[in-house]
Amino acid sequence: MNSAMIDLETLSTQPDAAILSAGVAIFNDSEVIDTCGWSLDLANVNGHIDPATLKWWMHEDRDAARPFSFRGTHKPFTFGYELKTFLAKHNPEEYWANDPEFDLVILRQWWRRQNAVATGEVPGLGEDPLGDRGYRKSRSYRTIIAECQRLGFDTSDLQGIYVAHDPVEDAASQARAVIKARQMIGGARR
């Protein structure tokens with residue numbers, strides 16, 4: 001069974017946040033199979049922009065992550081189409097996010113906005129790539145890590161080394177951590 005870890009970088013923390021970039025890691029019970037990422041052209045981002053989030057992005061500890069998210073070239077339709085194609089290729093059964101109530105909600109709202117602005121020149125994206133599984137099969141990275149901690153496992157190095165706030169690296173590191181966390185929990189049941 002394949003799962004998808006989705007990570008978004010945004011310009012707000014509201015459900016209608018403008019998406020800067022996205023990363024997806026496809027994984028199974030033993031490994032990360034594939035990753036992909038997109039960064040939107042700043043001239044084409046739409047949604048809520050919060051000055052406090054912009055200020056947060058400018059902090060020096062985000063220097064390594066900024067180039068990916070702030071030098072985007074993807075138009076919204078291209079991003080949406082490529083995301084939908086990537087997910088269809090791997091047909092994930094579960095959709096994971098650090099917090100599904102953040103990433104998956106924002107992605108769904110972004111998708112609706114893109115379809116709402118569709119015209120003859122700007123095509124709509126069609127069905128949300130999460131489909132009806134998005135709410136039935138959404139999983140929380142934070143929850144599984146908290147459960148491992150509650151069971152007494154050390155989770156401090158599950159993610160390994162990665163560039164925080166680079167959506168592709170975040171998604172892949174979180175996927176690797178979920179794999180390890182499931183193994184910990186599975187081993188505890190035996």
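Biologist: Why is arginine 62 called buried?

Modeller: Its relative accessibility is 11%, and buried means under 20% relative accessible area, exposed over 50%, and partly exposed in between, with a 1.4 Å probe and protein chains only. So arginine 62 counts as buried. This is a predicted model, where local features need pLDDT of at least 70 and side-chain atom pairs count only at pLDDT 80 or more, while totals for chains, interfaces and linings use all residues. Residues are numbered from 1 along each chain as its sequence is written, and side-chain values use heavy atoms, leaving out hydrogens and water.

Biologist: What makes aspartate 61 and arginine 62 a salt bridge?

Modeller: The N to O distance is 2.7 Å, and the rule asks for a side-chain nitrogen of Lys or Arg within 4 Å of a carboxyl oxygen of Asp or Glu. Aspartate 61 itself is exposed, because its relative accessible area is 52%.

Biologist: How do you know that aspartate 34 and lysine 89 form a salt bridge?

Modeller: Their closest N and O atoms are 3.6 Å apart, so the pair meets the 4 Å rule. Aspartate 34 sits in strand β3 (residues 32–39) and lysine 89 in helix α3 (residues 76–90), 55 residues apart. Helices (H or I, at least four residues) and strands (E, at least two) are DSSP runs, numbered from the N terminus.

Biologist: Why is aspartate 34 called partly exposed, and why is lysine 89 called exposed?

Modeller: Aspartate 34 has 22% relative accessibility, so it counts as partly exposed. Lysine 89 has 60%, so it counts as exposed.
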